[in-house]
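Dear colleague,

I am handing over the structure below, and my notes on what was found in it follow. Please read them with the model open beside you.

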Amino acid sequence: MAQTPGSEARTGLKLISPTAVYVILLLAVPLATVLIYSVLTGGRGNVSLPVTIENYSELWAKSVYGYIMVKSLMVALVVTAITVVLAYPVAYFVSFHVKPERKSLWLFLITIPFWTSYIIRVSLWFVILGYGGILDSLLGTIGLPPLNVASHSILSIIIVLAHAYAPFAVLPIFVSLEKVDRSLLEAGQDLGESRWVTFLRVTLPLSMPGVIAAALIVFIPTVGDYVTPELVGDGKEPMIANLIETQLLKLQNFPQGSAFAVASMLMVGIVSVAFVLWNRRFIGGQK
Amino acid sequence: MTFSADRPTMIEFKDVHKYYGDYHALRGINGTIKAGEFFSLLGPSGCGKTTLLRTIAGFEDISSGVIMIDGKDMANVAANVRPTNMVFQSYAIFPNMSVEENVGFGLRKDPRSKEDKAKAVAEALEMVGLKGFGKRAAHALSGGQRQRVALARALILKPKVLLLDEPLSALDKKMREHMQVELIKLQRQVGITFILVTHDQEEALVMSDRIAVMFEGEIAQLADPETLYRRPNSKKVADFIGTMNFIPAQVLSETGDTLEIDAKGLGRVTIDASMAPPARGESPVVGLRPETLTLLYDGQTATERETEGIIDEVIYFGDMTYYDVYLGGTDVEVRLSMRNVPGRPVLDVGTKVRVAWSPSALVLFR
Ligand SMILES: Nc1ncnc2c1ncn2[C@@H]1O[C@H](COP(=O)(O)OP(=O)(O)O)[C@@H](O)[C@H]1O
Ligand SMILES: [Mg+2]
C-alpha cells in the first residue's frame with residue numbers, strides 16, 4: 001500500500017523477469033542471430049563479412065527456390081482450409097449437441113490420435129494410402145483401379161498434415177462456439193430465419209475469431225513443416241523447411257539458410273497479419 | 001381497465017401440458033388472450049411463465065393440448081414462421097452488429113427496396129426513442145437501450161403477438177417505472193397483442209388489461225387487475241397480489257345471494273355471494289385489504305361498521321403509515337394503511353382505537 005509507483009514498477013519487473021529472460025534467450029537472441037547471419041557472406045561452414053544482400057537475391061535468381069516457397073505456402077493454405085472445414089463440424093457438434101457434463105470427455109477423446117508418435121501416424125498413413133495399401137485393396141474389392149495416393153507426394157503430404165492438425169483446430173473453434181449466447185440463435189429464428197440461415201447469419205460470424213485462431217494454429221507450423229515432406233513425399237517434394245535444412249546442415253551455408261528462414265518468416269508473417277486483420281472485422285463489435 | 005371482452009380471440013390454450021422429462025412444468029393450461037390486449041403472465045419464479053411464453057413462440061414443443069394463434073393450430077408451425085416476436089429476457093442483441101443491423105435483421109426477405117427498409121428501421125428506432133442511434137455498435141449500449149433495440153427489432157416485423165419475458169427486471173426501479181409507462185403507450189400506439197411475463201405483481205397490475213396468475217404450472221386465476229385485487233378467487237392469489245389480512249371466520253348460513261358469517265374480532269356480517277369464490281374445503285377465512293380499513297379519530301363515526309382495537313405496531317412511510325391493530329380484544333391482528341394528512345397525527349403503539357370497515361370489502365375463502 002505504501003509503495004511508490006517506482007517500487008511498484010520494480011516489483012512488476014521482478015515478477016516478469018523469469019519470463020523476460022526466457023523470451024530474450026530463447027526467442028530474441030536466436031531471431032537476431034538468424035537476421036544477422038542472413039546478411040553476411042557464407043562459405044562452406046564459415047560466416048564472414050562483408051554485409052550483403054546476395055543471399056536474398058539468390059531467392060529471386062533461382063526459380064526453384066521461388067517455386068518451393070510458393071508450393072509450401074499453397075500446401076499450408078490448402079491444409080489449413082481442409083483442417084478448419086473438417087474441424088468446424090466436430091467443434092459444433094461437441095458444443096451444441098453434447099451434454100455439458102460430457103463435453104470435456106469428448107474433447108479428451110479427440111486428442112487420442114496424439115497419443116501415438118507422429119512418425120507412427122505417418123507410417124500408418126503409408127499403410128492406408130500406399131501402393132497395395134488398405135485404400136487400394138478396398139477399391140479393388142469393389143472393382144475399381146488402385147489410386148496409389150502415396151505416389152502423389154503433395155496430395156499425401158496434405159492428407160497427413162490435415163489429419164495431424166485437425167485436433168488443434170477443433171479447440172479454438174469449440175471455445176468460440178461455447179461463447180455464443182444461445183438465446184441469439186432463438187432470436188434469429190424468432191426474427192424469421194431458418195436454423196441454417198441463423199447459423200450463417202449469427203453463429204458463423206460469432207465463431208469466426210475461433211476459426212481464424214484455428215487457421216493460424218494450423219497454418220504457421222505447416223508452412224515450416226519438415227518431417228512430413230521428408231517421410232511421406234520421400235523427399236521428392238521439398239518444402240521450405242527442407243530447403244533450409246539443406247542449406248544449414250548439408251551445405252553448411254548458414255547465411256543462405258538464414259535468408260531462406262527470414263523469407264519464410266516474412267511470408268508467414270504477412271499471411272498471419274492478413275488473418276488477424278480479417279478477424280478484426282468479427283471481433284470488432286464484441287466485448 | 002376498460003377492456004372490452006368482446007374483442008376477437010388471438011390466442012387460445014386448450015388443456016396444454018408440458019413435461020421436461022418427468023417434471024410436469026405446465027399442468028393443463030386453458031384460457032384465451034384477446035386481440036390487442038395487454039396480457040400478463042404473473043407468478044412466482046419457477047411457476048412456468050417462461051415455459052408457457054416459449055410454447056407460444058414455438059421454442060418449446062408441448063406434450064399435449066392445443067395452442068391456437070389467430071385461429072390456427074400451432075402444432076406443426078416452426079418458431080420462424082409464427083406470427084409472434086419475442087423480446088428476450090437477456091434482450092439477445094447480436095453483439096457483432098450495429099443497432100440498425102439488429103433492428104433490420106428480420107427484414108432480409110422483405111420485398112421492399114433497400115431505401116424503404118432503411119426508412120422502416122429509422123422509424124422503428126424513433127418509435128422506441130432511439131432516433132439517431134442506428135450506427136452505434138450494439139455492444140456499447142446500456143441495458144435500457146438494448147431493451148429498446150430488442151423492442152424495435154420485434155415491432156418492425158409487425159407481429160400479431162409480441163412476447164416479453166421479464167423485460168424490465170434487469171432495470172433499476174426508476175427506469176423500470178418509466179419503461180412501464182412507455183410500454184403501455186407503445187402498446188396502445190401499435191395495437192399489437194402484448195404478452196408480458198413478470199413476477200412483479202405491481203408491474204402486472206399497472207400494465208395489464210388482464211392477468212393470468214400462475215402457480216406450479218397452472219393458471220390460478222385469469223382476470224382483469226381490479227377483479228384480481230378485489231375479488232381474488234383463492235387465498236393464495238390474494239396473498240400473492242398486494243397485502244391482505246386474513247381473519248378466521250365461520251359460515252353461519254347461506255342463501256343463494258348472500259352469506260351470513262361470523263368473523264373473529266369483526267362480529268356477524270352478511271356478505272354478497274359474489275365475494276365468496278367456490279369452496280376448496282379449507283377452513284374459512286375472510287380477507288380484507290389494508291386500505292379498506294380506516295382508523296377513526298375523535299368525533300368521526302363509521303359510515304358502515306366499526307370495531308374497537310389496540311395498536312400493536314406503527315410503520316411510518318412518509319406519505320402513509322401502516323398500523324398493525326388487534327381487533328376487538330382478540331388475538332386477531334390486521335394491518336391497515338392511513339394516508340398522512342395535516343391535522344391527523346401518527347398514533348402511538350398501545351393506543352385504543354376504533355376501526356371502520358365495510359362488509360362489501362370482505363372476501364370469503366373456504
Ligand atoms: N429446459 C428445461 N429442462 C428441464 N426443466 C426445465 C427447463 N426449463 C424450465 N424447466 C423447469 O420448469 C419450471 C418452470 O420454469 P420457467 O417456465 O422458466 O419458470 P418461470 O419463468 O415461471 O420462473 C422450473 O421448475 C424449471 O426448473
Ligand atoms: Mg422466467
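**The shell around ligand 1**

In chain B, strand E2 (23–34) and helix H1 (49–57) each supply at least two residues of the shell around ligand 1, where a shell residue has a heavy atom within 4 Å of the ligand, and where helices (H or I, at least four residues) and strands (E, at least two) are DSSP runs numbered from the N terminus. This is a predicted model, in which local features need pLDDT of at least 70 and side-chain atom pairs pLDDT 80 or more, while totals for chains, interfaces and linings use all residues. Residues are numbered from 1 along each chain as written, chains are lettered from A and ligands numbered from 1 in written order, and side-chain values use heavy atoms, without hydrogens and water.

The largest share of the shell, three residues, comes from H1(B). Oxygen atoms of ligand 1 make polar contacts (N or O pairs within 3.5 Å) with a backbone atom of B:Gly46 at 2.6 Å, with a backbone N or O atom of B:Lys49 at 2.9 Å, and with a side-chain atom of B:Thr51 at 2.5 Å. The protein buries 59% of the 560 Å² that ligand 1 exposes when taken alone, with areas from the Shrake-Rupley method and a 1.4 Å probe.

**Strand E8**

In strand E8 (residues 193–198) of chain B, six of six residues are buried, that is, under 20% relative accessible area with a 1.4 Å probe, counting protein chains only. E8(B) pairs in the parallel sense, over five bridges, with strand E3 (residues 38–42) of chain B, pairing requiring at least two DSSP bridges.

Best regards

Notes
Polar contact = N/O pair within 3.5 Å; in protein donor to acceptor, adjacent residues only side chain to side chain. Buried < 20%, exposed > 50% of the residue type's maximum accessible area, 1.4 Å probe, protein only.
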